[in-house]
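Dear colleague,

My notes on it follow directly after.

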Amino acid sequence: MGGIALAIVGVAMAVPPIQSVKQNFFVPGTQPNTLTDPLIEPTQCGFCHSNYDQREAEPYYKWNHSMMGQAARDPVFYAALAIAEQDASYVAESCMRCHAPMTWLQNQVKFDNNTASPTYGKLLPLTDDQKLGVACHVCHRMVDPIYQPGVSPGVDMSVLSGLTTGVPPSAHNAAMVIDPLDRRRGPFDLAADWANQPTMGWPGYHQFLQSPFHLSSRMCATCHDVSSGHFTKQGNGAYTLNAVGQSPAASKYDQFPEQRTFSEWSQSMFASGPVSLGGRFGGQAGSYSSCQDCHMPTTTGQACALEPPVRTGLPQHNFNGANTWVLRSVYDLYQNTTTDLDPDGIEESIGRATTMLQQASDVQVTQVHSGINVRIVNYSGHKLPTGYNEGRRMWINVKFKDSGGGVIAQRGAYDGATATLSQWDTKVYEATIGPDAALGAQLGVSAGPAFRLAISNLFYKDNRIPPMGFTNAGFASVQAGSVPANLYADGQYWDDTVFAIPTGSRSAEVTVYYQTSSKEYMEFLRDGNTTTTQGQTAYDQWVMWGRSEPVAMDNATIPLICRCDWNANTHLEVQDIFDFLGDWFALHGDFNGDGVTTVQDIFDFLTCWFANCAGY
């Protein structure tokens with residue numbers, strides 16, 4: 001099959017190398033301009049669902065101060081989108097469905113269709129008022145694409161059968177079904193809840209339907225599995241570029257897996273039922289199963305300001321993930337009358353994201369002969385870290401200290417002034433993608449890891465830590481396997497890294513850091529954006545707000561015993577020599593930490609032992 005037409009690719013990428021069309025990014029489900037009743041803007045929802053309990057139960061305030069609420073105003077998104085559009089025409093059709101679904105459904109996402117134009121196939125600018133993010137009405141009019149008799153609202157069958165493009169076979173890329181009528185949905189039975197209120201029943205402010213779908217992780221899959229639909233999986237496992245106008249494969253698992261957060265969860269222990277974590281992620285239950293359990297923890301309160309019942313198990317509209325700086329940028333770039341943001345709400349939201357990161361894992365540090373073992377345990381319901389992979393990373397920082405507390409050596413050092421990470425002496429958890437050799441030759445670009453999402457069809461690295469209950473076969477079945485393959489044993493939701501102890505060390509401090517936007521990524525967005533100023537804008541904002549200051553997820557300090565106290569009984573004795581030699585002959589005697597067991601390790605060990613740990 002012929003590939004999508006290619007243009008000549010210059011160094012500056014002045015024209016897109018892939019001349020795709022909108023059909024290359026099509027998904028079934030509800031289409032623009034097909035709703036009978038219009039969608040309501042979030043500020044109108046705020047008339048009844050705000051200004052009464054902002055810090056606890058009120059839905060509007062926390063939603064608006066989340067990246068969900070501001071998804072269509074994220075400057076990093078637009079910088080990345082501009083480069084994606086340089087690489088593939090009409091690719092924004094796929095991106096905007098998730099970042100601005102209401103705008104897309106209202107047919108306000110427009111493209112330059114003039115083939116002679118230098119901006120052909122690129123998104124036409126939106127007004128600030130059109131950048132509405134993941135609006136209330138989109139989620140609360142969403143219909144479960146899998147009709148369940150006796151569970152789904154009865155009208156859903158007619159809604160699904162009325163779709164002109166068919167029911168989406170895969171939940172991803174905003175392949176959503178929206179009720180054409182303004183029947184707002186949620187997990188509660190409003191009529192029953194209001195039965196004993198002073199009004200003697202539901203006042204009928206709007207139509208409602210009780211929807212179990214809104215408590216299901218499958219709803220989150222709508223945008224938290226993301227695929228590059230213009231690539232199709234082949235029998236040999238490679239992903240090849242589709243022909244011009246060719247629709248994406250029906251199953252998302254035959255498309256290139258740009259993100260698989262939902263699918264990672266689906267293959268975890270959490271998908272099988274609640275996992276008791278002692279209230280780690282908040283909420284009233286203390287056990288967690290669905291995405292909502294962690295990202296919308298429950299409380300007691302009212303969902304509306306107009307004298308509704310007080311509920312327990314009321315989901316808070318936190319929607320916090322791992323973004324720790326972009327909300328500040330949105331506040332700086334847009335008028336408050338447009339965003340409805342305030343500084344306190346922004347800092348509280350970032351604080352919740354920071355807390356979520358810190359609760360996602362634990363670190364355990366032990367001394368193993370001449371090294372320390374750092375174990376990171378993943379308590380989230382997906383890979384750690386997960387989601388959009390470009391620029392996101394987690395790493396281990398180790399500071400070895402002398403008897404006075406002075407740092408004598410450091411691994412994974414990070415310079416906050418320059419945002420430079422020493423990657424070569426530590427472990428960085430991340431996923432990297434880019435074009436493979438065949439696609440690189442086809443497009444005239446270099447194969448290898450690259451921040452070029454629209455022309456990436458191969459994972460070059462994915463050492464992110466899997467969740468509890470994962471299996472390699474299960475993850476492989478949903479395109480979420482590690483790279484290299486089988487990096488973790490089935491059921492292993494932790495990772496171990498050993499660091500050699502330098503001479504003179506008396507203690508070691510270990511910190512696990514997470515960063516939303518790396519220096520390398522932000523510089524790429526700045527320098528690779530040749531068609532707009534959005535890359536420079538994003539970079540300037542990144543600098544202004546602290547260069548995406550890393551979050552300390554976990555921290556631990558361990559005292560160190562003498563390295564030649566091989567049996568770790570705190571006494572230097574001849575038995576240590578015998579124990580070391582036993583390990584050396586078993587090829588486990590890498591005393592000097594050079595990665596191999598050699599005769600030099602014996603000399604180094606004996607030097608240490610006869611010196612009676614002097615200087616250690």
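In what follows, contact means that heavy atoms lie within 4.5 Å. On that basis, proline 169 touches Pro28 and Ala250, leaving aside residues up to four places away in sequence. Please note that this is a predicted model.

Proline 169 sits in the loop between α7 (156–161) and β1 (183–186). Proline 169 is exposed, with a relative accessible area of 56%. Between the C-alpha atoms of proline 169 and isoleucine 146 there are 9.1 Å, with the two residues 23 apart in sequence.

I turn next to a pair of helices. Helix α3 (residues 75–87) packs with helix α17 (residues 519–528) at an angle of about 55 degrees, the axes being 10 Å apart. That angle makes α3 oblique to α17, and the crossing of α3 and α17 is left-handed. On the α3 side the contact is made by Val76, Ala79, Ala80, Ile83 and Gln86, and on the α17 side by Tyr521, Met522, Phe524, Leu525 and Gly528. Of the residues in this contact, 8 are nonpolar, 2 are polar and none is charged.

The largest nonpolar core has 70 residues, of which Val76, Met96, Val138, Met176, Ile178, Met522 and Leu525 touch the most other members. Helix α3 gives this core its largest share, 8 residues. Methionine 96 touches several residues beyond four places away in sequence, among them Phe77, Trp104 and Leu126. A second, separate core has 32 residues, including Val374, Leu384, Val478 and Ile558.

Yours sincerely

Technical notes. Residues numbered from 1 in each chain as written. Predicted model: local features only at pLDDT ≥ 70, side-chain atom pairs only at ≥ 80, totals over all residues. Heavy atoms only, no water. Axes fitted to C-alpha atoms, helices over the stretch in contact; angles between N-to-C directions. Helix = DSSP H or I, 4+ residues; strand = E, 2+ residues; numbered from the N terminus. Parallel < 35°, antiparallel > 145°, perpendicular 65-115°, else oblique. Left-handed = near helix turned anticlockwise from the far one by under 90°. Nonpolar A, V, L, I, M, F, W, Y, C, P; charged D, E, K, R; others polar. Core = buried A, V, L, I, M, F, W, Y, C linked by side-chain atoms within 4.5 Å. Buried < 20%, exposed > 50% of the residue type's maximum accessible area, 1.4 Å probe, protein only.
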